[in-house]
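Hi,

Here is the structure I promised to send over. Have a look, and my notes follow below.

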Amino acid sequence: MIAFATAIEPLRIANRIVGREIYRWRLASPDGRPVRASNGVEVSVSASVEDERRALPGERRPSMVFACSGILVEDFTDRSTLSYLREAHQRGISVGGLCTAAWILARAGLLADRRCAIHWENLPGFAEAFPRADVYADLFEIDHNIYTCAGGTASLDMMLALIGHDQGDEVVNRVCEQALTDRVRSAHDRQRLPLRARLGIQHGKVLRVIEIMEANLSDPLSLVEIARHVGLSRRQVERLFDKEMGRSPARYYLEIRLDRARHLLVQSQLPIVEIAVACGFVSASHFSKCYRELYDRSPQQERAARAALTPA
């Protein structure tokens, strides 16, 4: 709902500032019925996807089409929507995805060899499912006529970029004033809080070690290699982690690899053995043992619990 609202509201505000309707929009759903967001709020629509598809050759043809999705996007397989997005793109209409909808665009075959952005929580599963997509943990990406953003308030940033292209910086600044946002973030601003703020630690060497760990999850480095990268001995790294993180560097490295595995389990259909390899484990049995020790459930149970949440 945040991604949806912050995509539409800047357009409404821009219309008000300019004093005429420079932007208009309409909403559609796969079956033409209202859509209930994950927060329980229902959104009314004016058409079905099939209605919009029939409008493509005529005067009601849109200049842009955006898909918006949230949790459980991996299970979205509506053929009419995917066909509509492909046909719109083939007709030269700009196509975009808000929040997790890069997954829908990729499933429609529109993101091969294209830069795109998706919410950081969905990025591991997306990258494994669509290896030809050039995905980044950016706020938004614009690759020719394909627009994607990471969701949340990143929709606002992408729409401000569009408004700026159309109407100039003065209108963008006035939209920001109305929306009470103090700056326009660039496409490549980070999605997540910096490590320093996210983890609540200040030691530069520890932060650098964690950055190296997070960049090497599928092929883990030895602690000796990591220590050499930051100019410390293995023993020094162990003492720093014990003081700053309350656990050993080996334990922390294991935890972040298992966290990535958890995302892959719930966001992809990859076999468990492939997830184990993608997260740096030598065998599925070792992976399962470590997973159960940390989360008190097996990878199979994690996936089954996720499946139980999927709507019929």
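F287 and Y291 are about one helical turn apart, because they sit four residues from each other in helix α14 (residues 284-295); helices here are DSSP runs of H or I with at least four residues, strands are E runs of at least two, and both are numbered from the N terminus. The two rings form an edge-to-face pair, 5.7 Å centre to centre with 65° between the planes. For pairing, Phe, Tyr and Trp rings (six-membered ring for Trp) need centres within 6.5 Å; planes under 30 degrees apart are stacked, over 60 edge-to-face, the rest tilted.

This is a predicted model: local features need pLDDT of at least 70 and side-chain atom pairs pLDDT 80 or more, while totals for chains, interfaces and linings use all residues. Numbering runs from 1 along each chain as its sequence is written, and side-chain values use heavy atoms, leaving out hydrogens and water.

F287 also pairs with F281, this time tilted, at 5.2 Å and 50°. Ring pairs join F281, F287, Y291 and Y295 into a cluster. F287 is buried at 0% relative accessibility, Y291 is buried at 0% too, and F281 at 4% (buried is under 20% relative accessible area, exposed over 50%, partly exposed in between; 1.4 Å probe, protein chains only).

R257 lies over the face of F281, 4.3 Å from the ring centre; that takes NZ of Lys or CZ of Arg within 6 Å of the centre and within 35 degrees of the ring normal. R115 does likewise over Y136, at 3.8 Å.

Cheers
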